[in-house]
Amino acid sequence: MKKIRFGIIGLGNIGAHHYGYFPEMDGAELTAVCDIDKTRFSRLEPASDFDHDGVAATWEGQVATFTDYRGMLGSGMVDAVIIAVPHYFHPEMAKEAFRRGIHVICEKPMAVTSREAREMNAAHASSGVVYAAMFQMRTDPVYIKIKEMLEDGTLGEVRRVSWIITNWFRTQAYYDSGGWRGNWTGEGGGVLMNQCPHNLDLFQWFFGLPKRLSAMAYLGKWHDITVEDDVSVLMELDNGATASFITTTGDTPGTNRLDIAAENGKLVLEDGRLTFHKTEKPVQEILNTSQQGFYSAKPEVVEVSIERKPHGHKYITQNVINAIKGKEELISPGTEGLKSVQLANAILFSGLKGCPVEVPVSEGEFDQLLEELRRDELEKAPEKAFDWGRYVADLKAL
Ligand SMILES: NC(=O)c1ccc[n+]([C@@H]2O[C@H](COP(=O)([O-])OP(=O)(O)OC[C@H]3O[C@@H](n4cnc5c(N)ncnc54)[C@H](O)[C@@H]3O)[C@@H](O)[C@H]2O)c1
């Protein structure tokens, strides 16, 4: 079968990573790369654990370079693209690719606003191409196991969830390094938009979107930045269970601890280990029938065995290649990327307005809030704002 020809748009941190593993892909080849910054073409260095000879062979003379993504999409050289540019560009690039019948893997988050992510889904609907989201944590065996235990009845109905995900520490130097990150005009958000989309996606993958939530979100609580860097949320799930979600880029050492209290006991993920505290009877049955007022459960505590297999970005890309060939279902469909954006938007909206909200929040009201935040940044902290128009024009002038 013919190899699927891929292009990568954006050769920064993550684009270079995708570039590096491409020679390992089965059934696909890299035929083109695109970046508005020409210097990226010569600075590309595959990560050390990749096959350098393979990468060099792919690169030399065989991979076309473009500075305009439309040029790449219209060149006839690509059947599929990985969109690895900053978030604000994702919607226009994905929609342009759909329009031309080109398959898309889009980096997280799909978009900054739910409206844009929903419009991407609508554009995809009639395109007939494969659309995937780069939520590579869905390939992590630990998270796959949790999903399995939620779906196969091992845990029983969820009663409460608590996720503290604070191991996203970033220093002031990270934000001071300038550029599009950590501001409303360049990025469109802070920890919810940059670090947490993976966790928000896993949350909705496991438990679905909450019905409603109430959040506290702080703008620049720990850092001298305009966007949120500390967020606490309380949510109500579809079945009435409650969930809390706490994140920040300001704690170190950070924590990644997910507690799922369910009908058959408690599942705890911490430090990559999964422990199931299986109660002797279903929790509600103990509660209803025990004659002991101060009953103490005697759970069987088992460390859940996890198949330790490699995971990450390249497994999503290989899955997409296989899906294009009709051999596999998508692990991370792009259309599902809408949900983590809806969750991020609802959390930010609730946190900044100081009120509980139904999920999803009104797209119009969220767009208005984002516009106000962008305007405020330009007026009150122009030194922190990022001007995409000028950035692109300066690069073109080089
Ligand atoms: N899945 C993951 O684990 C993961 C990890 C890192 C980043 N990301 C996502 O990938 C995206 C890029 O992040 P990054 O850290 O690589 O950023 P980066 O700034 O390191 O790289 C972005 C690249 O895109 C180029 N670019 C910008 N606008 C462009 C345009 N209009 N056309 C062509 N090229 C353009 C820039 O010149 C730059 O080389 C973000 O959306 C980010 O959230 C995902």
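I will start with A261, which is in contact with R159, R160 and K266 once its neighbours within four places in sequence are set aside. Contact here means that two C-beta atoms, placed from the backbone, lie within 7 Å. Before going on: this is a predicted model, in which local features need pLDDT of at least 70 and side-chain atom pairs count only at pLDDT 80 or more, while totals for chains, interfaces and linings use all residues. Residues are numbered from 1 along each chain as its sequence is written.

A261 sits in strand β11, residues 256–262. Is A261 buried, exposed or partly exposed? Partly exposed, because 18 other C-beta atoms lie within 10 Å. The cut-offs are 20 or more such atoms for buried, 12 or fewer for exposed, and partly exposed in between, with C-beta atoms placed from the backbone. A261 is also 8.5 Å from S162, C-alpha to C-alpha, although 99 residues separate the two in sequence.

Next, the open sheet. Its six strands come in the order β3-β2-β1-β4-β5-β6 and pair in parallel. Pairing requires at least two DSSP bridges between two strands. β3 (64–66) and β6 (131–134) are the edge strands; each has a single partner, so one side of each is left without a neighbour in the sheet. From one strand to the next, the twist averages 25 degrees. Four bridges hold the parallel pair of β5, residues 103–107, and β6, and C106 stands opposite A133 of β6.

Which residues of α11 are buried? They are H313, I316, T317, N319, V320 and I321. As a general point, an α-helix has 3.6 residues a turn, so residues three or four places apart point the same way. The buried residues of α11 pack against β1, α1, β2, β5 and β6. Just after the helix, G326 has a positive phi of about 75 degrees.

Now the ligand. It is surrounded by 23 residues, the closest being G10, G12, N13, D37 and E107; a residue belongs to this shell if its C-beta atom, placed from the backbone, is within 6 Å. Which element gives the largest share of the shell? That is α1, with three residues. By class, the shell holds eleven nonpolar, seven polar and five charged residues. Ala, Val, Leu, Ile, Met, Phe, Trp, Tyr, Cys and Pro count as nonpolar, Asp, Glu, Lys and Arg as charged, and the others, Gly among them, as polar.

Then the antiparallel pairs. β12 (265–270) and β13 (273–278) are joined by six bridges, and G265 has K278 of β13 as its bridge partner. K278 is also the bridge partner of E300 in β14; β13 and β14 (300–303) run antiparallel, with four bridges. The hairpin of β12 and β13 has two residues between its strands. D271, in that loop, has a positive phi of about 50 degrees although it is not a glycine. D271 counts as exposed because it has 7 C-beta neighbours inside 10 Å.

Elsewhere, β8 (212–219) and β9 (228–236) run antiparallel over eight bridges, with A215 bridged to V233. β8 also pairs with β15 (357–358), antiparallel, over two bridges, and there L213 is bridged to V357.

Last, the cis peptide bonds. One runs from K108 to P109, with omega near -20 degrees; P109 is in the loop between β5 and α6 (114–125). Another joins V359 and P360, with omega about 0 degrees, and P360 is in the loop between β15 and α13 (363–380).

Terms used: Axes are lines fitted to C-alpha atoms, for helices over the stretch in contact, and angles run from 0 to 180 degrees between N-to-C directions.
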